[in-house]
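User: I'd like to learn how to read the aromatic rings in a model. Can you walk me through it?

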Amino acid sequence: MLKHKLFILSAALSFSIIGASDPAFSAPSDPQTIKIVSSLPRTGSANSQSTSIVNGIKLAIDEVGGMIGDAKIIYEDWDDASPERGAWDPALEAANADKAINDPSVVALIGPYNSGAAKISMPKTNAAGLLHVSPSVTWPGLTKPGVGEANEPAVYRPSGKRNFFRVVPADDIQGLVAAQWAKTLGMKTVYVLHDRELYGQGVAEIFRRSAPANRLEVLEFEGIDPKASNYRSLATKIRQRRPDLVYYGGTTQTNAGQIAKDLRASGVTAKLMVPDGCFEQAFIQSAGANNINGRVYITFGGVPPEQLTGAGKKFYDDYKAKFGSAPESYSIYGYEAGRVVIEGIKKAYGKPSFTRASLIEAVANNNDFSGALGRWSFDENGDTTLTTMSGNIVENGQFKFSQLLGAD
């Protein structure tokens, strides 16, 4: 049976953050309820991908019958996107973090989907000592020193302790293997675009840094307006430079589909390469299959769901059976994030008292985890030790696995 100390922060932390008498941190009325919440963009074009992530979380919970010991798991799916933006909203991401922190029954926050959103919620959950696990954010500076801004990642860890973990490989790996893949494809010149946002500009910058070692000449490195109605003038400029490849650091939500359409309409013969933020059916729908069939390369952390084997194949089959459709690319990371939280709860539950701090400790010591992605661990930064990436193409209006990409 769960103890009366369930989910209460340590006295020192309670005093230093909000004061020990704050009612938000009093003992829950039902000490046998464990709440896990997620903060993901459920409004806008990212909905399909985030639905697949949510389904992955639900599948992980269902596998334990929605129970840990005699405690019931409650899962709540929160939206961090607004109708006005059609994408994640800083105010909503901040509000979701605060809401999770101030609910004593919440033991873990899964999310966000976007790296920019993580910059907002990470310092909050860290100061409060709440477990935070992301299935999709990939900006290296969130966790890794020496690859981002000078104050990263310390700025996201005001407590000086680690509470944030991610189950997906970061962009310092993705940008590198993208450049390596471009080389093996025979590309010599590349025009690099980015959406000026943390994720898109970050992965584009890493691609640019990796280009010289892979004998790629970067003709331009240019930021775009991700809300522009079209990019015809930009496409004309690119056509005049005659690159072998256009690399776009961005997402479906920052107009990758429109860029693909305008490149094709303007007669640009270069192929287009995009990162995992475009590895969703919404990108194909936005770009139009005829504009990208045989013309687009997509990098992704791990392998597409249909290529999984072993425990991953079981996940794929179980997902299709439960939800009636094949999982999108990030669904397995939602599932793996859910399993990480659940396995951590199982370990921490057996201790004399179960607190948010004891759960973070259990997850931090997650070594040789056997999951749907294989065997892996969290390193000293809270990053997965997995580094396998895949290269994918579009054929007949569908994504098709091309080859494994390695950062070695």
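Analyst: Let's start with charges and rings. A charge sits over a ring if NZ of Lys or CZ of Arg is within 6 Å of the ring centre and within 35 degrees of the ring normal. Here R85 lies over the face of W88, 5.6 Å from the ring centre, and K99 sits over the face of W78 at 4.3 Å. Keep in mind that this is a predicted model, where local features need pLDDT of at least 70, side-chain atom pairs count only at pLDDT 80 or more, and totals for chains, interfaces and linings use all residues. Residues are numbered from 1 along each chain as its sequence is written, and side-chain values use heavy atoms, with hydrogens and water left out.

User: How many aromatic pairs does the structure hold?

Analyst: Rings of Phe, Tyr and Trp (its six-membered ring) pair if their centres lie within 6.5 Å; planes under 30 degrees apart are stacked, over 60 edge-to-face, and the rest tilted. The structure holds 14 such pairs. In one of them, the ring centres of F165 and F378 are 5.0 Å apart with planes at 45 degrees, so that pair is tilted.

User: Are F165 and F378 buried or exposed?

Analyst: Buried means under 20% relative accessible area, exposed over 50%, and partly exposed in between (1.4 Å probe, protein chains only). Both F165 and F378 are buried.

User: What about the rings of F300 and Y330?

Analyst: Their centres are 5.4 Å apart and their planes at 85 degrees, so this pair is edge-to-face. F300 has 0% relative accessibility, so it counts as buried; Y330, at 2%, counts as buried too.

User: Which residues form one aromatic cluster?

Analyst: That's Y113, F279, F300, Y330, Y333 and F399.
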